[in-house]
Amino acid sequence: MIQLIRGFKDILPGETGLWQKIEKTAASLFEDFGFCEIRLPILEHTELFSRSIGKDTDIVEKEMYTFADRKGDFITMRPEATASIVRAYIQHRMYAVDPVQKLYTIGPMFRRERPQKGRYRQFYQINAEVIGVDSPLVDAQLIFMLAELFKRLSVSDVSVHLNSLGCPKCRPDFTRALQRFLSKVTTQLCADCQKRKEKNPLRVLDCKVLACREAVADAPAMIDHLCGECEAHFTTVKNSLNNLSVQFEIDRRLVRGLDYYTRTTFEIQTGLLGAQSAVAGGGRYDGLIESLGGPAQPAIGFAIGLDRLAEIVAVNNKDAAGGIDLFIAALGEKAKTAALEWSCALSLCGIKTETDFSNKGLKGLMKRADRHGAGWVLIAGDKELDEGAAVLRDMSTKEQLSVKIEGIVENLKSKLTAS
Ligand code: ATP
Ligand code: MG
C-alpha cells in the first residue's frame with residue numbers, strides 16, 4: 001500500500017471542523033482590525049528566501065525544498081509567508097496606492113526538518129503583517145489582536161514572550177559582545193553552534209540543544225545594549241501592552257530563526273505541547289522591504305502554527321464534535337423517494353439532515369442515526385405515508401410525536417428550529 005511521505009500528514013474529517021473554526025475565527029477577527037486577505041503561490045524563486053531569511057539560517061541551509069524546474073531555474077516551496085507577502089507588496093507597487101498595508105494569509109509551508117510531534121514537513125500558518133507603520137503602538141495592537149484570538153478560541157495556557165532585537169545601529173556592538181562570550185564557552189556548544197558562533201551568533205541563543213541552552217544562560221542580552229531609539233520604542237510597546245491589559249513576560253533570550261527581524265520580537269508559548277512550545281512567533285522586520293528592492297518601509301507581523309494551535313484548541317474543546325440535526329429513517333421504496341426530497345429541502349434550510357438509502361430495517365437505521373449523533377429521527381415507512389403522518393423522535397428525551405406528511409418540510413423546520 002502506498003503511504004504518505006514521512007513528515008507529512010492528512011488532516012482528517014474528524015479534525016477539519018476544528019481547523020475551519022480556527023480559520024474563520026482568525027479571519028473575522030483580523031478583518032475587524034482592518035486586515036485584508038492575500039493569497040500567494042507556494043512556489044517562489046529560491047533567491048527570495050535565501051536573500052530574506054538569510055543564507056546562514058537553518059531554514060535556508062538545510063530545510064528548504066528546492067529544486068531545478070525543467071528549464072533549470074531554482075525554485076523553492078515556501079518555508080514561510082512573510083517573504084512572499086513582501087515580494088507581492090513590492091511587485092504590485094501596493095505602496096503607491098497606500099504605503100500602509102495590513103494583510104493576512106493562511107496556508108501550507110514546507111520545511112525539511114526532523115519529523116516529530118508538533119513538527120511536520122508540510123505545516124500550516126496563519127500570517128498577519130502590518131507594512132508601513134513604524135510606531136510602537138502598532139506593535140502593541142498586533143500583539144493585542146493575537147492574544148484576543150487565543151481568548152476567542154478558549155485557549156488559556158498561553159503566555160506572550162517579548163524581546164527586542166535592536167536595529168542595525170545597536171546590534172553589531174551586541175553581536176561582538178555575544179561573540180566574546182561565546183568564545184569562552186565554545187567547548188560546551190553543539191557542532192552547529194560552533195559554526196553559528198562565527199557566521200550568525202544570535203542564532204546560538206535559539207538553539208534547542210540542552211547543552212547550548214545551559215551554556216548561554218549567562219550570555220549578554222540584546223535589551224541591555226539597545227540604542228536610545230530602540231530603547232524608547234521598546235518601552236512604548238511594553239507600556240501600551242500594559243494599558244491594553246495584555247500580559248507578557250520579557251524573554252531576554254528570545255530570538256527568531258530568520259535574519260530579517262529587528263526591534264520588537266515575540267512568541268506565544270504554551271505548556272500544552274511538550275517540547276514544541278511555540279504556537280506563534282513574530283516581530284518587526286524594518287529593513288526587509290528595502291533589502292528586497294522595495295521602498296524603505298518598516299513592517300511587523302506574526303505567524304501562528306496552525307497545526308500546533310489546532311492541537312491545543314482540541315485539548316480545550318474535547319466534547320465540541322456536534323452531531324446532525326435530523327436523521328430520516330425511511331422504510332420502503334416510496335418512503336426513500338420521499339426522504340430524498342425532504343432531506344434535500346431541509347439541508348437547504350440549514351438543517352443538518354442525513355438519511356440512508358440502503359435497505360436497512362428500523363433497527364439498522366436507528367444505529368445509523370446514533371452514529372450520526374442525530375438530535376431527532378423522523379421515522380417514515382410506506383404505511384405512515386399512506387396514513388399521512390410520520391413519527392418524530394426526540395433522541396435526548398425519547399419522546400415521540402406525530403408529524404403530518406402534508407407540508408412536512410415546513411412542519412419539521414419550525415419544530416427543529418424552535419427546539
Ligand atoms: P520552532 O522554534 O518551533 O522551530 P520557528 O521559530 O521555526 O519555530 P517560525 O518560523 O517563527 O517558527 O514559525 C511560526 C510558528 O510556526 C511556530 O511558532 C510554530 O508554531 C509553527 N511551526 C514552525 N515550524 C513548524 C513545523 N515544522 N511544524 C509545525 N509547526 C511549525
Ligand atoms: Mg524552526
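## Polar contacts of ligand 1

In this predicted model, the side chain of Q125 places an N or O atom 3.0 Å from an oxygen atom of ligand 1. E113 also takes part: one of its polar side-chain atoms lies 2.6 Å from a nitrogen atom of the ligand. V279 contributes through its backbone instead, with an N or O atom 3.4 Å from an oxygen atom of ligand 1.

How much of the ligand does the protein bury? On its own, ligand 1 would expose 580 Å², and 93% of that is buried by the protein.

## The shell around the ligand

If you look around ligand 1, you will find 16 residues surrounding it. The closest are R111, E113, K208, R256 and A278. Sorted by class, the shell holds seven nonpolar residues, six charged ones and three polar ones.

Which elements give two or more residues to this shell? They are the strands β6 (122-131), β10 (278-284) and β11 (299-305). Of the elements, β10 gives the most, with three residues.

## Where α1 meets α12

Let's move on to a pair of helices. The axes of α1 (residues 13-32) and α12 (residues 306-316) come within 10 Å of each other and cross at roughly 110°. Angles of 65 to 115 degrees count as roughly perpendicular, and α1 and α12 are therefore roughly perpendicular to each other.

On the α1 side, the contact is made by L18, W19, I22 and E23. Their partners on α12 are L306, D307, L309, A310, V313 and A314. What is the make-up of this contact by class? Eight of its residues are nonpolar and two are charged, while no polar residue takes part.

You can find R93 in the loop between α4 (82-91) and α5 (94-97).

The other residue is K398, again not a glycine, whose phi is positive and near 65°. Where does K398 sit? Its place is in the loop that lies between β15 (389-394) and β16 (400-404).

Terms used: Residues are numbered from 1 along each chain as its sequence is written. Chains are lettered from A and ligands numbered from 1 in the order in which they are written. This is a predicted model: local features need pLDDT of at least 70, side-chain atom pairs count only at pLDDT 80 or more; totals for chains, interfaces and linings use all residues. Side-chain values use heavy atoms; hydrogens and water are left out. A residue is near a molecule or strand if one of its heavy atoms lies within 4 Å of it. A polar contact is a pair of N or O atoms within 3.5 Å; within protein, one must be able to donate a hydrogen and the other to accept it, and residues adjacent in sequence count only if both atoms are side-chain atoms. Accessible areas come from the Shrake-Rupley method with a 1.4 Å probe; for residues, only the protein chains shown count as cover. Helices (H or I, at least four residues) and strands (E, at least two) are DSSP runs, numbered from the N terminus. Ala, Val, Leu, Ile, Met, Phe, Trp, Tyr, Cys and Pro count as nonpolar, Asp, Glu, Lys and Arg as charged, and the others, Gly among them, as polar. Axes are lines fitted to C-alpha atoms, for helices over the stretch in contact, and angles run from 0 to 180 degrees between N-to-C directions. Angles under 35 degrees count as roughly parallel, over 145 as roughly antiparallel, 65 to 115 as roughly perpendicular and the rest as oblique. Contact means heavy atoms within 4.5 Å.
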